[in-house]
Amino acid sequence: MIDVSSAVRDATVDRLRRAGCVWAEDEARLLVEAVESRQTLAALVDRRVAGQPLEYLLGWAEFCGERITVVPGVFVPRARTALLVSAAVAVTGPAARVVELCCGSGALTRALARRLSAPRLLAAADVDPAAVACARRNLAELAVPVRTGDLFEALPGAWRGSLDLVVANAPYVPSAALDLLPAESRRYEAPVALDGGPDGLAVLRRLAADAASWLAPGGNLVVEVGATQVDPLATVLREAGLIPTTVRDESLGATAMTAHRPVDMAGRGLEN
């Protein structure tokens with residue numbers, strides 16, 4: 001951290017505010033704390049004004065009280081995704097076998113590791129090698145394995161039918177809506193972390209289709225979803241033999257769905 005004059009600090013705040021940064025004062029403080037020279041500060045402010053995500057400039061994002069390392073291109077964990085953590089904890093008992101798919105930076109796994117009671121297994125996976133490398137950095141101290149692959153294809157076959165919790169912040173933005181995302185997302189984050197196909201449910205459909213065979217009886221799938229996608233996703237989950245429940249947090253502007261695998265799969269396809 002460098003010692004800057006109030007004039008430099010005020011000028012930094014003013015530049016950020018004019019660039020449209022809503023929390024300009026906080027961003028200026030974080031940037032000042034992150035650098036060792038005024039030249040570096042000026043360069044970072046230039047990049048932020050140009051639209052680069054603050055988290056990439058700092059090298060970290062705050063999520064559920066954890067400082068998560070993020071690198072350019074890897075999905076930045078959002079505050080609203082804290083709902084996935086609380087929803088997952090609510091349906092998961094002690095000594096659970098837990099896997100995060102579409103893990104990105106591994107933020108969900110790191111948060112769950114602090115909140116679940118003595119999990120027997122924690123693992124994560126992502127199809128993007130850059131995300132896998134980032135997640136390995138965040139999960140190294142927890143000795144959590146992070147695998148590369150597309151959804152359940154990344155997991156050892158021996159895990160099939162044994163997982164108590166599968167959690168995923170899978171991409172759910174409809175392809176046609178990608179251009180409506182904030183510039184920070186559409187220009188800098190990997191499209192594979194955002195694009196959910198024509199209706200936003202392409203990846204979630206594939207996830208749901210295989211989930212029942214990977215979950216243990218009584219296990220749960222927990223995913224984030226758009227508020228307008230709840231009904232069609234609930235239908236998909238029921239058709240896959242799972243029992244869906246919607247969880248909302250208005251303060252976060254977040255919607256999640258849990259999907260329970262019945263102990264007796266004879267109930268496949270039945271309504272709630």
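Predicted model: local features only at pLDDT ≥ 70, side-chain atom pairs only at ≥ 80, totals over all residues.

Biologist: At what angle do the axes of H1 and H2 cross?

Modeller: Roughly 125°, and the axes of H1 (residues 6-18) and H2 (residues 24-34) come within 9 Å. Axes are lines fitted to C-alpha atoms, for helices over the stretch in contact, and angles run from 0 to 180 degrees between N-to-C directions. H1 and H2 are therefore oblique to each other; under 35 degrees would be roughly parallel, over 145 roughly antiparallel and 65 to 115 roughly perpendicular, with the rest oblique.

Biologist: Which residues of H1 and H2 make the contact?

Modeller: H1 brings Arg9, Thr12, Val13, Leu16 and Arg17, and H2 brings Ala24, Glu25, Glu27, Ala28, Arg29, Leu31 and Val32, where contact means heavy atoms within 4.5 Å. By class, that is six nonpolar, one polar and five charged. Ala, Val, Leu, Ile, Met, Phe, Trp, Tyr, Cys and Pro count as nonpolar, Asp, Glu, Lys and Arg as charged, and the others, Gly among them, as polar.

Biologist: And H3, how far apart are its axis and that of H1?

Modeller: The axes of H1 and H3 (residues 38-49) are 10 Å apart, at an angle of about 15°. That makes H1 roughly parallel to H3. Val8, Thr12, Arg15 and Leu16 of H1 meet Arg38, Leu41, Val45, Asp46, Arg48 and Val49 of H3.

Biologist: Let's switch to the sheet. In what order do the seven strands come?

Modeller: S5-S4-S3-S6-S7-S9-S8, in an open sheet with mixed pairing; two strands pair if DSSP finds at least two bridges between them. S5 (146-148) and S8 stand at the edges with a single partner strand each, so one side of each has no neighbour in the sheet. Neighbouring strands are turned by 20° against each other on average, direction ignored.

Biologist: How many bridges join S3 to S6?

Modeller: Four, with S3 (residues 97-101) and S6 (residues 163-168) running parallel. Val98 stands opposite Leu165 in S6. H9 packs on the sheet, touching S3, S6 and S7, and its direction makes about 160° with that of S7.

Biologist: Why is S4 largely enclosed by the rest of the structure?

Modeller: Because six of the six residues of S4 (residues 121-126) are buried, that is, under 20% relative accessible area; exposed is over 50% and partly exposed lies in between, with a 1.4 Å probe and protein chains only. Leu121, Ala123 and Ala125 point one way, while Leu122, Ala124 and Asp126 point the other.

Biologist: Last one: which residues are buried in H10?

Modeller: In H10 (residues 230-239), they are Val230, Leu233, Ala234, Val236, Leu237 and Arg238. They pack against H9 (202-214), S7 (215-224), S8 (243-249) and S9 (254-260). Just after H10, Gly241 takes a positive phi of about 90°.

How values were computed: Residues numbered from 1 in each chain as written. Heavy atoms only, no water. Helix = DSSP H or I, 4+ residues; strand = E, 2+ residues; numbered from the N terminus.
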